[in-house]
Amino acid sequence: MIAHWHVGAAILIGAVIGSFLNVCIHRLPERESLVWPGSRCPLCAASIRWYDNIPLLSYLWLSGRCRDCRGRISARYPLVEALNAAGYGLIMWRVGPTATALAYALLFSALLVVSFIDLDHMIVPDRITLPGMVLGLVAGTLLLPRWWESLAGLLVGGGLLYFIAWISPYLFGKEGMGGGDIKLLAMIGAFLGWKPVLLTVVLGAFLGAVVGVALIAARVLAREAYIPFGPFLSLAAVVAMLYGSAILDWYGTVLAGGR
């Protein structure tokens, strides 16, 4: 049984790391350094004091405004911190204080950064996915039952989306997945293996289709509008990471029962 303090510690660590993830989300698309200069207000460029940079609490204390210019701070900052905290807590609750939890936390944070950057800029940064592939191979090799499952996950993940991107112009008359999505799925496959990455594709496509149809039906988006696929792949990867075995076992039972 997982001790409550393990989950609490994971939530606290997740919130602190979430604060750094906000820096990554803001600076990576601009190709700025992640360490210098220190945290500053995006509106007036004033340096943020340490006591104004406490995850979640400082946002509430300041009523969502910069202490110097009184400009409004985006609600995305506490949202990212809260999501990363909740993700770390859920990972700890599911797998306990293990090396697997550490690898899953690393992947979760990478997916969170990718999702918000893709929503803001419609790009999936190579500075996340390329090192992520290497780290995924290392982590996957140590954690998966067989080392080749990690390598197969990378090749299946990247290869499947590459094939879809290649064939889409011939079938639908327009481009399919972007190169960033291909590398993102390759990174996910390296961490999780080939079976979970296939589940990620299926779930991601389903989520993307449901949300896309809903937004078009609500006339929020035009039919020809581009919808970033990274957030859907990321959410599907989290589901596959934490519940993939249960889903695949259930699917196997359904197939066996239908014979």
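Contact is defined here as heavy atoms within 4.5 Å. The structure is a predicted model, in which local features need pLDDT of at least 70 and side-chain atom pairs count only at pLDDT 80 or more, while totals for chains, interfaces and linings use all residues. Residues are numbered from 1 along each chain as its sequence is written, and side-chain values use heavy atoms, with hydrogens and water left out.

The order of elements from the N terminus is accordingly α-α-α-α-α-α-α-α-α. The C-alpha trace spans about 65 × 50 × 35 Å along its principal axes. Of contacts between residues at least 6 apart in sequence, 68% join residues at least 24 apart.

Buried residues (under 20% relative accessible area, 1.4 Å probe, protein chains only) make up 41% of the 259 residues. The chain exposes about 14700 Å², of which carbon and sulfur atoms supply 69% (Shrake-Rupley method, 1.4 Å probe).

S150 lies in helix 6, which covers residues 147-172. S150 is buried, with a relative accessible area of 0%. Leaving aside residues up to four places away in sequence, S150 touches G136, L137, G140, T141, L144, G189 and A190.

Note on methods: Helix = DSSP H or I, 4+ residues; strand = E, 2+ residues; numbered from the N terminus. Buried < 20%, exposed > 50% of the residue type's maximum accessible area, 1.4 Å probe, protein only.
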